[in-house]
Amino acid sequence: MERETTSNGEAELPVGATTDLPHDRVTVQRFRESFPRARWSDRLNAWFVPGRTAGKRIGRWLAQMEAEADAFADEKGRDAFAFDPIESRYLDAASFGLQIRTPYSRTVVTEIREIPLARWDADHRLWTVPYRSLVELRRRWPAIEAAAERNEPDVRKARREALKGTEEEEAAKARTSERRRKRYPVPADDLPPFDRAIGTHAGVVIFSDTHGELADPDAVTEFYFQPLPNEEYVWVAWRPGSLEELVTTWPARTPPGEREVARGWWLPDLDELRTARQKARSKQRTQQQRQEDQGRSETPSNGNRR
């Protein structure tokens, strides 16, 4: 792969665009035939196409591939849905696909993200699923609907009222409070690498520093994991990884072993990184949408201009 070299010896990619592809031989072969200058980038963990118009060309190619591969799949799914529809207040059928609008639920988001070609429509605040993905949607729908019902405002309010003054409420408050402290216990004699994505029992995070404060074993057990016997743990500060940091993190070849799990931290595998990247991408889109909404609200209308 051609690279430009900076003065400090680090290799940089030329101007271009990246894309993820399905891991099947036929798709990759057709992609390389259409983009002979494309190269796999280990650093970006994606295919890289050089050129200032690469992004637009890749977009057109993907659209063409999707249209060819699924010319009849949507019609087939639409007919199947008409014959055996999913009856739910959270689901509407449109000409282009199925629309899902639910109260926010992490379970709902996780389930929908596993449905092929599901997309979040930020303008209308709903998810869209093409008819070609009906089989997977139908398989996951019981979990989606149940999670949506649990997160209806009146149901959540009733649940909070029922928990008031109970030990469960106190435990939930304690977990939330601990999470906001953005700290994590690690063995004092086996610190994780700083400033790179690390897998933990709390998800993929990036550790920043430590002051060497000893972690209370009871707190470790209650909020994180079962500590190793006769092991001292210290608190390490952490932060969420940015999308760029997570995308450029090279995954471990295998899931963590028993030793890494018992230790409390490990190098994340591809599945863990994909989940973290999805969260970071969703967070980034939300922030961009808020900035755009704020920009529109601050822009005066033509009638107010002088």
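Student: How many salt bridges does a search of the whole structure find?

Tutor: The search finds 13 salt bridges, a salt bridge being a side-chain nitrogen of Lys or Arg within 4 Å of a carboxyl oxygen of Asp or Glu. This is a predicted model, in which local features need pLDDT of at least 70 and side-chain atom pairs count only at pLDDT 80 or more, while totals for chains, interfaces and linings use all residues. Residues are numbered from 1 along each chain as its sequence is written, and side-chain values use heavy atoms, with hydrogens and water left out.

Student: Which residue forms a salt bridge with D74?

Tutor: The partner of D74 is R132, with the closest N and O atoms 2.5 Å apart. D74 belongs to helix 3 and R132 to the loop between strand 9 and helix 5, so the pair ties together parts that are 58 residues apart in sequence. Helices (H or I, at least four residues) and strands (E, at least two) are DSSP runs, numbered from the N terminus. D74 is buried, at 15% relative accessible area, whereas R132 is partly exposed at 24%. Buried means under 20% relative accessible area, exposed over 50%, and partly exposed in between (1.4 Å probe, protein chains only).

Student: How far apart in helix 3 are E75 and R78?

Tutor: An α-helix has 3.6 residues a turn, so residues three or four places apart point the same way. E75 and R78 are three residues apart in helix 3, about one helical turn. They form a salt bridge, the closest N and O atoms being 2.9 Å apart. E75 is partly exposed at 42%, and R78 is partly exposed at 26%. Elsewhere, salt bridges that share partners join E111, E136, R139 and R140 into one network.

Student: Where does helix 5 bend?

Tutor: Helix 5 bends by about 50° at R140, and the proline P142 follows within four residues. The bend at a residue is the angle between axes fitted to the seven residues ending there and the seven starting there. The buried residues of helix 5 include L137, R140 and W141. Those buried residues pack against helix 3 (73-83), strand 6 (91-93), strand 7, helix 4 and strand 9.

Student: Which members of the largest nonpolar core touch the most other members?

Tutor: In soluble globular proteins, nonpolar side chains tend to be buried together. Here the largest nonpolar core has 20 residues, of which L91, I100, L137 and W141 touch the most other members. Such a core is a set of buried Ala, Val, Leu, Ile, Met, Phe, Trp, Tyr and Cys residues joined through side-chain atoms within 4.5 Å. Helix 5 gives the most to this core, with six residues. A second, separate core of 16 residues includes Y184, I198, W235 and W265.

Student: Which way do the side chains of strand 11 point?

Tutor: In a regular strand the side chains alternate between the two faces of the sheet. In strand 11 (residues 197-200), A197 and G199 point one way and I198 and T200 the other way, and all are buried.

Student: In what order do the five strands of the open sheet stand?

Tutor: The order is 10-13-12-11-14, with antiparallel pairing; two strands pair if DSSP finds at least two bridges between them. Strand 10 (183-187) and strand 14 stand at the edges, each with a single partner strand, so one side of each is left without a neighbour in the sheet. Four bridges join strand 11 to strand 12 (residues 203-209), and I198 stands opposite V205. A hairpin joins these two strands through two residues. Strand 11 also pairs with strand 14 (residues 265-266) over two bridges, where W265 is the bridge partner of T200.

Conventions: Contact = heavy atoms within 4.5 Å.
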